[in-house]
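Please examine the sequence and the model below. The account that follows is meant to be read alongside them.

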Amino acid sequence: MAGKTVGLSRTLALELARVTERGAVAAAYLAGRGDEKAADQAAVDAIRKELNSLDIDGIVVIGEGERDEAPMLYIGEKVGTGKGPKVDIALDPLEGTTLTAKNMPNAMAVVAMAEGGSLLNAPDVYMDKIAIGGGLPEGVVDLDRSPTENVQALAKAKGVDVSHITACILDRPRHADIIREVREAGAKVTLITDGDIAGVIATTDASTGIDIYLGIGGAPEGVLAAAALRCIGGQMQGRLVTSNEEQKTRAARMGIEDFNRKYNMEEMASGDVIFAATGVTDGSMLDGIHFNGPAVSTHTIVMRSSTGTVRSIKATHTQMEKFVKP
């Protein structure tokens with residue numbers, strides 16, 4: 001068909017898995033050491049090196065801050081050899097820096113890749129989010145409705161009582177009213193300390209018991225979560241939350257004009273999207289990195305939107321240490 005998008009090469013999916021594997025292993029060497037910055041930097045260094053080995057003409061649209069705030073993988077940085085397709089890169093080299101420093105569950109390395117111009121160039125501010133899994137009527141939940149209305153509508157769509165609905169919410173003081181309202185509506189709440197990308201993805205997996213994600217988290221993580229849902233199915237909306245003029249100025253510099261705009265999943269991540277995540281510490285979605293002498297075991301999930309393919313890759317690496325050990 002004329003004008004039909006070819007999409008990204010399928011080989012890039014496995015290449016992206018290698019990228020997150022290296023980042024996760026590098027961070028895992030520092031798990032439990034109490035140094036968030038060192039673990040994050042180790043992941044950044046490893047992921048940057050691997051991205052620059054790929055035959056892509058990439059630009060980081062979601063990264064480790066802006067150019068004057070981070071030494072590597074900053075928003076606007078060019079990555080890859082420059083010889084391949086133009087792609088957007090969104091990444092959180094170490095989602096769960098605190099989790100890693102304390103050796104707690106659910107830390108992971110995350111990278112998404114999409115056709116150039118396909119990912120929302122979101123500034124490093126907050127985002128109000130709502131997400132549910134796939135197989136439900138479009139618009140069953142909405143960011144502009146109250147938590148009570150959303151859990152009641154979701155329960156009706158699923159054909160269950162509200163008491164069977166569980167909402168995943170970041171455990172933050174700012175969410176006290178949402179948590180109270182969800183409980184008063186009769187639903188249950190699962191609180192997480194960090195890792196809202198995993199929290200959003202959990203809505204797509206019945207085994208997690210999570211039905212809906214609610215609350216305010218990072219905007220970059222929101223775009224990454226939307227990229228994942230594009231691949232595996234689901235619904236998500238997000239709205240940027242800016243608390244001062246400096247944040248609004250930064251957002252405007254990235255092309256954000258309407259600060260009240262409600263973005264749907266396709267507006268945050270369109271085109272052909274590839275999403276990869278490798279566990280750093282054991283979690284509900286991924287096993288963490290395990291060391292057995294010179295051998296390193298990894299668990300990675302790789303998804304692609306154009307095919308709906310989801311691969312779970314468990315691998316053993318016998319020479320990884322010489323590439324990524326700090």
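The model is predicted; local features need pLDDT of at least 70, side-chain atom pairs count only at pLDDT 80 or more, and totals for chains, interfaces and linings use all residues. Residues are numbered from 1 along each chain as its sequence is written, and side-chain values use heavy atoms, with hydrogens and water left out.

Helices (H or I, at least four residues) and strands (E, at least two) are DSSP runs, numbered from the N terminus. The side chain of Lys-262 forms a salt bridge with that of Asp-142, at 2.9 Å from N to O; the term denotes a side-chain nitrogen of Lys or Arg within 4 Å of a carboxyl oxygen of Asp or Glu. This pair connects distant parts of the chain, 120 residues apart: Lys-262 in the loop between helix H8 (245-253) and strand S10 (263-264), and Asp-142 in the loop between strand S5 (126-132) and helix H4 (147-158). Lys-262 is partly exposed, with a relative accessibility of 27%, whereas Asp-142 is buried at 15%. In these terms, buried means under 20% relative accessible area, exposed over 50%, and partly exposed in between (1.4 Å probe, protein chains only).

Lys-262 also makes a polar contact of 3.0 Å with the side chain of Asp-144. A polar contact is a pair of N or O atoms within 3.5 Å; within protein, one must be able to donate a hydrogen and the other to accept it, and residues adjacent in sequence count only if both atoms are side-chain atoms. The C-alpha atoms of Lys-262 and Asp-144 are 8.8 Å apart in space, although the two residues are 118 residues apart in sequence. Residues up to four places away in sequence aside, Lys-262 touches Asp-142, Leu-143, Asp-144, Gln-237, Gly-238, Arg-239 and Glu-267, where contact means heavy atoms within 4.5 Å.

Two of these neighbours, Asp-144 and Arg-239, form a salt bridge with each other, their closest N and O atoms lying 2.9 Å apart. Here too distant parts of the chain are linked, since Asp-144 is in the loop between S5 and H4 and Arg-239 is in strand S9 (residues 235-241), 95 residues apart. Asp-144 counts as exposed at 52% relative accessibility, while Arg-239 counts as buried at 18%.

Another neighbour of Lys-262, Glu-267, pairs with Arg-261 in a salt bridge of 3.1 Å, N to O. Glu-267 has a relative accessible area of 33% and is partly exposed; Arg-261, at 36%, is also partly exposed. Elsewhere, salt bridges with shared partners join Glu-15, Arg-18, Arg-22 and Glu-50 into one network. In total, the structure holds 16 salt bridges.

Helix H2 comprises residues 36-51, 16 residues in number, and reaches 22 Å from its first C-alpha to its last, close to the 22 Å expected at 1.5 Å a residue; the expected span is 1.5 Å times one less than the number of residues. The N-terminal end of H2 is capped by Asp-35, with a side-chain oxygen 3.3 Å from the backbone nitrogen of Lys-37.

Asp-40, in helix H2, and Glu-64 carry the UniProt annotation "binding site" (unreviewed entry). The two span 25 residues in sequence, yet no two of their C-alpha atoms are more than 9.7 Å apart, so they gather at one spot. UniProt positions are given in the numbering used here, feature names are shortened, and annotations may be inferred rather than shown by experiment. Asp-40 is buried, with a relative accessible area of 16%. Beyond its neighbours within four places in sequence, Asp-40 is in contact with Glu-64, Pro-93, Leu-94 and Thr-97. Glu-64 is found in the loop between strand S1 (57-62) and strand S2 (78-79).

For "binding site", UniProt (unreviewed entry) also lists Asp-92, Glu-95 and Glu-221. These span 130 residues in sequence, yet no two of their C-alpha atoms are more than 8.5 Å apart, so they gather at one spot. Glu-95 belongs to strand S3 (residues 86-95) and is buried at 3% relative accessibility. Glu-221 is in helix H7 (residues 219-232); leaving aside neighbours within four places in sequence, Glu-221 is in contact with Asp-92, Glu-95, Lys-129, Asp-196 and Ile-197.
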